[in-house]
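I opened the notebook to look at how the chains are divided and how their parts meet. My notes follow the structure.

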Amino acid sequence: MSNETLITGKKAENAIKESLFLFTLYICVTIAILTLMTLIYDVLSTGTTRLTSDYEVGLITKIQIDNPIDFLTTLDSRYPDRAGIGPAFAGTVWLMIIVVSVTFPFGTGAAIYLQEFAPKNKITRFIELNLTNLAGVPSVIYGLLGLAVFVRLAGFGRSVLSGGLTLTLLILPVVIVASREALKAVPDTIRQGALALGATKFQAVFRQVVPSAIPGMVTGMVLGLSRAIGETAPLIFMGALTYVNYFPDTPLSGFTAIPIQVYNWIGYPQAEWKETASAGIILLLGLLLIMNSLAIFIRNRYEKDL
Amino acid sequence: MENVNDLRDQLTKTITRPIEKIVKFFITASAFAAILISISIIFTLLTEAINFFQDPAVTFKGYFTATRWTPTFQNPEYGVIVLISSTLYIAVIACLISFPLGLFSAIYLSEFATKRTRKVIKPVLEVLAGVPTVVFGYFALNWITPNIIQRFIPGTGVFNALSAGIAVGIMIIPTVASISDDALNAVPNSLRNGSLALGATRRITSLKIMFPAALSGIIASFILGFSRAIGETMIVTIAGGQYPELNLDPRSAMYTITSSIVNVSLGDTPHGTTAYNALFALGITLFIMTFILNIGSDYIARKYRKEYE
């Protein structure tokens with residue numbers, strides 16, 4: 001794989017072709033990277049003016065939001081310079097709590113069954129096929145499912161609980177697949193060692209295999225969760241887009257979430273709203289960055305032990 | 001021997017506690033939930049969609065032949081062809097962007113990049129894959145449209161199919177790139193080495209040996225990317241606009257299946273109205289389209305994996 005192949009090519013024409021080809025590849029990769037950088041730069045440059053103290057401060061009370069903490073805790077407003085993301089931030093935290101508490105037991109449970117206990121037969125194969133297909137179903141369809149099942153059938157109404165459960169359905173296949181990978185990575189010697197020492201299958205799995213797979217499972221959960229908090233479309237059916245300007249206090253109260261709030265702000269034509277929407281996107285991307293770093297940290301910190 | 005077996009049975013019996021049974025039941029049920037979710041998706045979509053077609057204002061023929069989609073108008077028309085054609089149109093624009101960029105990135109990553117460059121570029125693609133679609137929608141509307149589309153094609157409206165399609169294309173680059181990359185890496189090294197040993201250059205090796213060898217995996221990535229472009233919602237809702245009639249002008253607004261699902265649900269659509277049921281008719285139309293594509297992609301991907309095992 002040295003560059004000599006290039007030089008010893010029969011004709012100079014060939015060398016030019018080689019360079020052109022490599023150049024094309026470079027361009028393609030560069031475009032992908034540049035787009036991401038442009039996106040981040042655009043959002044940062046528009047949004048930070050909104051979050052730094054460039055604004056005038058009112059005489060008696062602050063009438064403009066000019067720092068991140070105020071932005072995070074203040075209610076939405078009809079005026080772009082006073083609008084905070086408080087209720088949406090609280091809504092997203094609620095959603096995260098619900099999604100984690102439902103997805104983690106079901107997701108890891110299903111993974112443990114499929115990886116460790118399931119017989120290799122047609123039914124298992126069918127479940128696996130189902131999981132692959134569910135992962136490819138567009139998220140709006142999960143929204144319709146949530147609308148029919150949680151909002152109407154179960155009677156949860158357009159609430160944060162319905163929203164959380166809908167997002168759970170959405171990321172469950174992802175979490176199951178990731179947890180299975182984590183279990184697969186546990187060396188077979190651990191299983192055989194436990195069985196050889198007289199442990200039952202159940203003990204071998206739950207006392208030896210699962211504990212060593214936990215970091216991988218948590219990583220999968222965090223990645224699934226970061227997908228869930230960025231989702232907008234399914235939550236629209238949960239009534240999250242109506243003007244919700246209060247903090248949800250029970251699982252059954254109405255809610256809005258950060259991406260929905262951002263979508264809302266994007267919809268207003270005035271230029272000032274663009275800054276507010278960018279500030280919301282900065283918060284959203286910041287959250288995702290923290291969660292992905294957490295996932296990478298867990299993976300690097302604990303996987304060495306295996 | 002029998003005594004030993006009896007003894008072992010007794011031992012295992014004392015060890016099997018009720019909690020184990022409960023846990024085993026729970027994890028088995030969780031796994032079967034996957035089937036339950038699939039069934040409930042199909043069931044809810046179907047029942048409400050059947051209600052939709054039972055409405056006298058809707059005809060099966062009208063659904064597939066009318067050329068306007070105006071469910072909330074006085075004289076509603078339900079021409080799904082308008083929505084399907086817009087959806088496919090935007091998806092094709094997205095594919096024109098993402099197929100070459102994704103595939104060439106994959107070839108670069110697997111055939112040319114050093115380990116160190118790979119370590120930098122892979123995470124960048126992962127970050128790109130993790131950006132929420134609402135952010136891409138914002139980017140399409142507030143950056144791509146004014147800075148690219150309107151600069152080079154003056155007179156284009158704020159909402160247009162072109163910028164939505166480009167943004168969707170950028171969104172699916174990572175999907176295409178990572179699956180194609182996997183496919184190229186699955187090709188045995190002996191093929192690559194053999195080609196180089198016979199004096200082929202790296203370009204010839206990439207294009208004439210590696211590309212055909214990984215073709216089925218690459219096609220699978222294309223189909224999956226296309227399917228994701230069809231199901232993409234927020235970008236087309238934010239940047240694609242709503243133009244409820246048949247048209248094929250990339251500069252004008254369009255109305256995809258997904259964006260009309262969102263817009264119908266935003267309006268006043270109480271349970272049981274035709275507009276509400278229309279949501280589910282659109283839902284099942286979308287579901288069938290993406291389902292066929294996903295199955296196809298999975299089938300092709302499975303086939304190639306066998307080839308080299």
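Domain bounds here come from an automatic or database domain assignment. I also note at the start that this is a predicted model.

**Entry 1: domains of chain A**

Domain 1 covers 4–69 and domain 2 covers 84–305. I then took the C-alpha centres of domain 1 and domain 2 of chain A, and they lie 29 Å apart. The contact between them takes 8 residues from domain 1 of chain A and 8 residues from domain 2 of chain A. I sorted the domain 1 side by class. In chain A, the side of domain 1 that touches domain 2 has 4 nonpolar, 3 polar and 1 charged residues.

**Entry 2: domains of chain B**

For the contact, I found 6 residues of domain 1 of chain B against 8 residues of domain 2 of chain B. The domain 1 side of this contact in chain B divides into 4 nonpolar, 1 polar and 1 charged.

**Entry 3: chain B against chain A**

How many residues of chain B are in contact with chain A? I found 68 residues of chain B in contact with 66 residues of chain A. Next I checked which helix of chain B gives the most to its side. That is helix 2 (residues 18–54) of chain B, with 17 residues. By class, the side of chain B that touches chain A has 42 nonpolar, 21 polar and 5 charged residues.

**Entry 4: helix 6 of chain B**

Helix 6 of chain B takes in residues 133–152. A straight helix of 20 residues would span 28 Å at 1.5 Å a residue, but helix 6 of chain B spans only 25 Å between its end C-alpha atoms. I then looked for a bend. A kink of about 55° lies at B:Thr145, shortly before the proline B:Pro146.

**Entry 5: helices 4 and 9 of chain B**

Last, I took helix 4 (residues 80–112) and helix 9 (residues 202–213) of chain B. They pack at an angle of about 115°, with their axes 11 Å apart. The crossing is right-handed. From helix 4 of chain B, B:Ile107, B:Glu111 and B:Phe112 meet B:Arg202, B:Ser206 and B:Met210 in helix 9 of chain B. I counted this contact by class as 3 nonpolar, 1 polar and 2 charged residues.

Note on methods: Residues numbered from 1 in each chain as written. Chains lettered and ligands numbered in written order. Predicted model: local features only at pLDDT ≥ 70, side-chain atom pairs only at ≥ 80, totals over all residues. Helix = DSSP H or I, 4+ residues; strand = E, 2+ residues; numbered from the N terminus. Expected span 1.5 Å × (residues − 1). Bend = angle between axes of the 7 residues up to and from the residue. Contact = placed C-beta atoms within 7 Å. Nonpolar A, V, L, I, M, F, W, Y, C, P; charged D, E, K, R; others polar. Axes fitted to C-alpha atoms, helices over the stretch in contact; angles between N-to-C directions. Left-handed = near helix turned anticlockwise from the far one by under 90°.
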